[in-house]
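Dear colleague,

I am handing over the structure that we spoke about, and below it you will find my notes on what turned up. Please read them with the coordinates open beside you.

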Amino acid sequence: MQKATAFKSAGLAVPTNFGAIGLSFNQFGYENYNENKFGLAYAKVFGPYIQIGLQLDYLLLNTGFDYGSQSAVTFELGLQSRLTEKLTLGAYVFNPAHFKLNTFNDEPIPVVMRFGLAYRFTKTFVGECEIEKNTDYEGVSLRGGLEYEATKHFYIRAGAQTNPGIFTFGVGYRISVVQIDVSAQMHQVLGQSLQIGMTFNFDRK
Amino acid sequence: MKRLVVFIMALSVATFMKAQVAIDSVSPEALNHLLIEQVERLAQESDNEETDFEELLETYLYYMQNPINLNSDGIIHLLELHLISVFQHESIKTYRQLYGDFAFVGELEMVEGFEEQTCSVVSPIVYAGQDPSRNRIGIQELAHYGRHQLIGRYEQVLERAQGYAKVSDSALLASPSKYYLGSPQKYQLRYGYNYRNRIRFGFIMEKDAGEPFGSKPLSDSLMPLLGDKYRQGFDFYGFHLYAADFGIVKEVALGDYQLSFGQGLTLWSGMSFGKVVSGSSVMKQGRGLKPKASATEYGFMRGGAITLQHKSLSATAFYSIRNLDAHVVTSDSLNEAEVVSSLSKTGYHRTIGEIANKNAIRQQVFGAHAAYADGHLEVGYTIHHTLLGAELQLKPNPYNHFYFQGSQLTNQGLDFKVVRQRYAVFGEVAMSSNKAFARLMGLTVSPTGYINFTMLYRNYDRKYQNLLSNAYSESSRRQGETGYYLGLEAAPAPYWKILAYTDFFRFNWLTSQVYAPSWGHDYYLRVSHSLSRKASCYLQLRSKAKMKNASDGNSFSYHPVSYTKNSIRFNINYKIGYKLVLSNKAEYAHYRSEDAKNSQGYFLCQDISYNPINQPFVLTFRYALFDTHDYDSRMYVYESDVLYSFSIPAFYGKGMRVYLLGKLKLFNTLTLYARIGCTVFRDRDEIGSGAAHIENNHKTDVKVEAVWKL
């Protein structure tokens with residue numbers, strides 16, 4: 001595991017009468033180079049079929065050794081629609097207006113576009129696939145994933161991605177309001193890493 | 001008894017309501033998607049962004065606005081439009097004989113061989129009504145039931161291209177094809193009148209971007225360069241008048257019109273879907289006369305034509321005279337006659353060079369067609385003679401060796417078609433005045449209602465010459481080609497449809513890009529699935545191999561190498577609630593050649609269309625990303641556009657594309673369209689070359705259109 005490629009993330013979502021409001025923070029990197037994203041999100045459900053989310057982002061890039069930091073503001077959009085009982089489609093775009101980091105040479109922030117679908121084969125078994133284009137990289141990434149609820153509240157997950165090749169395997173378990181997810185990732189270049197996540201859902205008590 | 005009467009009344013009301021619902025709920029989406037796919041494939045085939053599809057698609061739009069009566073002979077138009085197979089056409093006729101006239105469009109689903117996808121494609125352009133009486137038409141009725149349509153359109157690219165730069169006369173004289181004489185706006189105005197598809201007339205006028213409009217596009221000293229070619233006002237004017245079904249006169253056309261007979265080998269003016277149509281529609285259906293209402297400036301007849309019909313016999317006579325754009329040079333032979341070195345098909349008259357070539361050569365075409373048709377057999381004979389005002393003398397390149405040269409050309413051909421319930425045989429043989437032959441034979445079989453497969457063999461002699469041929473082929477010249485096609489169309493399970501074909505072809509002479517005989521293949525597979533009433537998706541695979549001159553060769557030794565272009569595309573359309581239609585598309589293209597680097601590319605897009613019920617507007621939006629190594633792995637993707645306008649841009653390089661299209665119905669009679677689109681490149685600071693060069697990394701196009709219907 002490489003410390004320099006650590007990824008940390010925290011988020012909070014609050015449902016209100018006029019939609020859900022969220023706050024989030026992501027950090028990638030280490031002390032001498034880190035990319036931070038602060039997000040303010042708003043999501044709304046329209047009818048039984050469609051959900052739309054919008055997030056305003058403040059991006060902050062800190063570089064050590066007196067190189068200073070740069071920042072930018074952009075936004076991202078997501079859309080999820082339930083087509084049938086079993087099929088859900090999703091689409092997502094980050095930085096669609098192609099904003100740039102405000103440095104002297106107009107360093108571009110990539111545009112990221114994704115769409116995917118989830119198919120619920122049975123009540124306990126879901127398959128998902130997704131295609132992603134990031135304008136910083138050559139080609140596109142394809143992802144596939146499976147989730148199986150083996151016993152009540154115990155989930156087993158596996159997934160793969162192309163370009164770069166990644167395999168993931170994970171489990172999740174829910175106790176009352178807390179859900180704990182653990183996953184292992186095999187990256188073709190960066191090697192193996194471990195991820196741990198905790199979700200508190202007070203609605204689900 | 002009373003109860004029974006009430007019951008019957010309730011039943012009839014229910015039927016009536018069902019009919020209403022069927023008509024109201026019909027949306028042209030399925031038909032639009034079908035056309036979009038066809039045109040995208042056609043754009044790939046012709047490999048040219050500039051190709052004008054208006055001519056081809058105009059007919060579909062026309063019938064969307066002027067639907068076909070299912071209870072009339074007009075259903076033959078569905079066959080001409082490639083929307084139904086010849087067997088489906090037969091089964092409609094059988095159904096009518098057995099059960100009488102259609103009471104509502106939804107009945108189509110009960111006709112043999114009409115699976116759900118065909119129904120949804122056909123429904124928007126048909127209606128079930130009384131066969132209109134063929135009585136004499138009074139002026140009053142023409143005025144009362146006739147429909148008028150007036151359309152005005154403006155469009156422009158906002159970034160200024162280099163060709164629009166203001167330059168001195170000497171610079172203009174030094175490079176006469178580098179500068180446009182007119183403004184960057186494009187204007188079009190058209191009017192059409194239609195009385196129940198029986199009487200139509202209209203006109204059209206157009207000025208393309210860059211074409212001059214005013215009285216003096218050049219300074220006095222340079223004006224002589226244009227000769228007498230330049231006329232103030234619009235660059236293109238067209239007029240058409242058409243009438244059908246008046247006693248023995250089946251059809252008559254004056255002004256601009258199109259002709260198509262048999263399989264198109266002898267005579268098919270204008271465009272055709274060529275090889276890209278689905279399965280059994282490879283068998284073409286000549287549609288006789290057709291008025292030409294579009295602004296396409298190449299490939300049509302201008303003059304008069306008439307078709308007489310008596311029972312099973314029909315006869316057509318036609319005459320056309322018009323001037324073609326051509327490059328005229330004085331031959332270096334002793335008599336110093338003027339000869340034509342090339343014909344131009346673009347229809348642009350923007351630069352000094354283009355205007356000088358305008359209407360440079362007169363073309364006269366006259367001929368006749370006679371046909372016999374009973375229920376199952378059709379036989380036709382076509383003859384036509386082309387007369388050019390000057391000799392055509394192409395560059396003496398080996399690849400032009402067998403191409404038509406001279407000023408007179410006669411073609412004649414025999415076509416036939418035998419249609420039975422489960423199979424159809426068709427073919428055409430044509431001969432040009434140099435006694436060279438072109439042959440085409442096909443068989444289409446439908447063993448059960450949901451499957452049909454088609455075979456087609458073609459053999460066009462390399463000496464065969466015809467300027468008006470548009471039969472099934474791989475190359476745009478119908479000469480020196482042999483090929484086999486095998487296609488399959490099947491609905492193996494409800495909501496699933498498969499379309500597949502293979503085509504092998506061989507050219508037995510050189511072409512302008514391949515200096516040796518060459519060959520290739522074309523494979524295609526498309527699987528489509530309706531997930532629900534509101535959602536459908538398809539997966540499309542394509543592989544095409546052809547040959548070209550190796551780019552590493554020097555001018556003394558050309559050798560052909562083969563190249564293959566593969567592509568895969570997934571597309572899904574779905575409707576959410578009653579207001580939103582969403583669509584996603586992902587495409588991957590790969591180009592492989594023996595002489596160059598492999599190249600690949602991606603295209604991803606999200607479409608959103610918002611159409612609130614009871615509101616008079618529709619908004620359509622697309623956000624797309626594309627990323628290809630180079631021009632070799634380019635992709636053609638259709639974009640929604642204003643009425644009667646079609647754009648299928650080629651995407652290459654790295655960048656994004658956005659557009660927003662709005663449609664607003666102001667009154668019952670007036671509809672406004674506006675569209676703005678923008679492409680932003682990340683890998684370049686300038687777009688295009690030559691006169692179209694733009695010194696920016698973005699290109700913005702704007703269109704506004706008003707459609708007035710009465």
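Between chain A and chain B there are two salt bridges, a salt bridge being a side-chain nitrogen of Lys or Arg within 4 Å of a carboxyl oxygen of Asp or Glu. One salt bridge joins the side chains of Lys133(A) and Asp627(B), with 2.5 Å from N to O. Please keep in mind that this is a predicted model, in which local features need pLDDT of at least 70 and side-chain atom pairs count only at pLDDT 80 or more, while totals for chains, interfaces and linings use all residues. Residues are numbered from 1 along each chain as its sequence is written, chains are lettered from A and ligands numbered from 1 in the order in which they are written, and side-chain values use heavy atoms, with hydrogens and water left out.

The interface of the two chains also has six residue pairs in polar contact, both residues at pLDDT 80 or more; a polar contact is a pair of N or O atoms within 3.5 Å, where within protein one must be able to donate a hydrogen and the other to accept it, and residues adjacent in sequence count only if both atoms are side-chain atoms. On the side of chain A that touches chain B, strands E5 (68–82), E6 (87–94), E7 (112–122) and E8 (125–134) of chain A each supply at least two residues, and E6(A) gives the most, with four residues. Strands here are DSSP runs of E with at least two residues, and helices are runs of H or I with at least four, both numbered from the N terminus. That side of chain A is made up of 15 nonpolar, six polar and two charged residues, where Ala, Val, Leu, Ile, Met, Phe, Trp, Tyr, Cys and Pro count as nonpolar, Asp, Glu, Lys and Arg as charged, and the others, Gly among them, as polar.

In all, 23 residues of chain A are in contact with 23 residues of chain B, contact meaning heavy atoms within 4.5 Å. Chain A and chain B bury about 2,100 Å² between them, 77% of it from carbon and sulfur atoms; this is the accessible area (1.4 Å probe) that two parts lose on being put together, summed over both. Leu83(A), Met113(A) and Phe115(A) supply 26% of the area that chain A buries against chain B, more than any other three residues.

Within chain B, an automatic or database domain assignment gives domain 1 (18–131) and domain 2 (574–710). Their contact takes 15 residues from domain 1 of chain B and 14 residues from domain 2 of chain B. These two domains bury about 1,400 Å² between them, 61% of it on carbon and sulfur atoms, yet the count of salt bridges between them is zero. On the side of domain 1 of chain B that touches domain 2 of chain B, helix H2 (29–46) and helix H3 (54–65) of chain B each supply at least two residues, and H2(B) gives the most, with six residues.

Over all chains the structure holds 36 salt bridges. One of them is between the side chains of Lys703(B) and Glu155(B), at 4.0 Å from N to O. Lys703(B) lies in strand E31 (residues 698–709) of chain B and Glu155(B) in strand E3 (residues 147–157) of chain B, so the pair ties together parts that are 548 residues apart in sequence.

With best wishes
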